[in-house]
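Okay, everyone, thanks for coming.

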Amino acid sequence: MNLFNPLNFHRRLARFSNFNQDDLELVNKYLSEEELSAQIEIFMKKYIGVKYAIVIPSARSGIDFILKAINVKKEENVVTQAFGCREVIETINENCKTKYCDIEENTFNISVDRVIQAIDNNTKAVLPINIYGNPADMVSLKKICKKEKVLLIEDCAHSLGAEIDGIKSGSFGDVSIFSFGKTFLTKGGVLMTNNKELFEKIKNIRDKYQINKKRNISRFFGKLALTSIVKLKKFKIMSTFSFILFKLFEKLNLIYGKESSLLAPNNFELSLALSQIRRNEVLFQKLKNNYKRLYDLLKNEKDLELLPYKNGSLALRFPIKFKNNVNPLELTKYLFRKGCFEPSLNYYNEYLANIKGVKEPEKSLPVSDKTARKSIVVMQDNLPEKDLIELKNLILDFIS
Ligand SMILES: Cc1ncc(COP(=O)(O)O)c(C=O)c1O
């Protein structure tokens, strides 16, 4: 295992090559958190086409603030997909109950029929995830939620920039949440709504619950890592070293767990988010192109089942389904050892093992169960052509 081989580690950080001189310049300006947040909010309102926007510590915290704002009671429930995101479900479970829905086989998005079945008198909200950047059937879900008078919370953690028929993801829900962590590899997120009253409530709740703590040491090493990545272009030992220190200091400053999700992003993190959000179309085009390229590289493999690129999707991740017996957990470990950045154990592990309250998934959620057992997701986003080819070869080596 050569996990700590710096060259391997550096490849795993391939995503960081998204960072460029613009990011560094904005980081060096030392603008305040307030100024940066205000600029992000202005950008998002215009870009998504929703009236109110507020920077939040994380998408998770956004869900928490929404549920607190609508005064959800312990015995009430939120309808969402079991195959999705552990943090989302944990956040719902801290506030009330979760009602799990199955997903559609060919999109991994929540099944609209199952949502209709799941809504009951105790349902306060429906929370679909635009999974891997591919929007759920938000038009139908919007109609259902309107009819049933429940709140539609659109989880856009994966789908900033995605669209349905030219309408931006995040403008369908009564309220929507975005995460910078997923798209820009920095901390924080944005919550959006057209509902002024709900917005004011959420803003007060955010101000009450978010933890404002500056992390200047981590900022220093984060800046050092960014400088070496941008300046050296081929960021090897130096960027790896400062990145590790950056992460270490983040950890020492109470990262992970409940508190980290409530920690307000500092100006280093907000600068990175703002700078990248401003050139989002370039980044997003890369995601889509690489998705299509990897699809072409793998589409003739008869042991694999792929999801073709769907118009409007952000294509944040590349899901791969297996027709034969492949152990997804072993495959993701193998890819990780070989230096791939973040092949996802995520949804496999979380769904099957870690989520409390998913009872007998095989019976009630057959598609989620099958998908979790027979698929992985890889990150294709910023890989150069030769790495895409290597990724393909690694996958084929493993399954053959
Ligand atoms: C679909 C989805 N929603 C929400 C989140 C939480 O995002 P954050 O890390 O910003 O809390 C994640 C994170 O993995 C996610 O995948």
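Which are the buried residues of helix α15, residues 328-337? Pro328, Leu331, Thr332 and Leu335. "Buried" here means 20 or more other C-beta atoms within 10 Å of the residue's own, "exposed" means 12 or fewer, partly exposed is in between, and C-beta atoms are placed from the backbone. Those four cover an arc of only 95° around the axis, which puts them on the same side of α15. The arc is taken from the directions from the helix axis to the C-beta atoms. After α15 comes Gly339, with a positive phi near 100°.

Quick housekeeping. This is a predicted model, so local features need pLDDT of at least 70 and side-chain atom pairs count only at pLDDT 80 or more, while totals for chains, interfaces and linings use all residues. Numbering starts from 1 along each chain as its sequence is written. Helices (H or I, at least four residues) and strands (E, at least two) are DSSP runs, numbered from the N terminus.

Now α7, residues 138-148: Met138, Leu141 and Cys145 are buried. Their arc is only 60° around the axis, which puts them on the same side of α7. Lys146 and Lys147, on the other side, are exposed. Covering the buried residues of α7 we have, among others, α6, β4, β5 and β6. Lys149 follows α7 with a positive phi, near 55°.

Last stop, Ile66. Beyond its neighbours within four places in sequence, Ile66 is in contact (C-beta atoms, placed from the backbone, within 7 Å) with Ile153, Val175 and Ile202.

Terms used
Contact = placed C-beta atoms within 7 Å.
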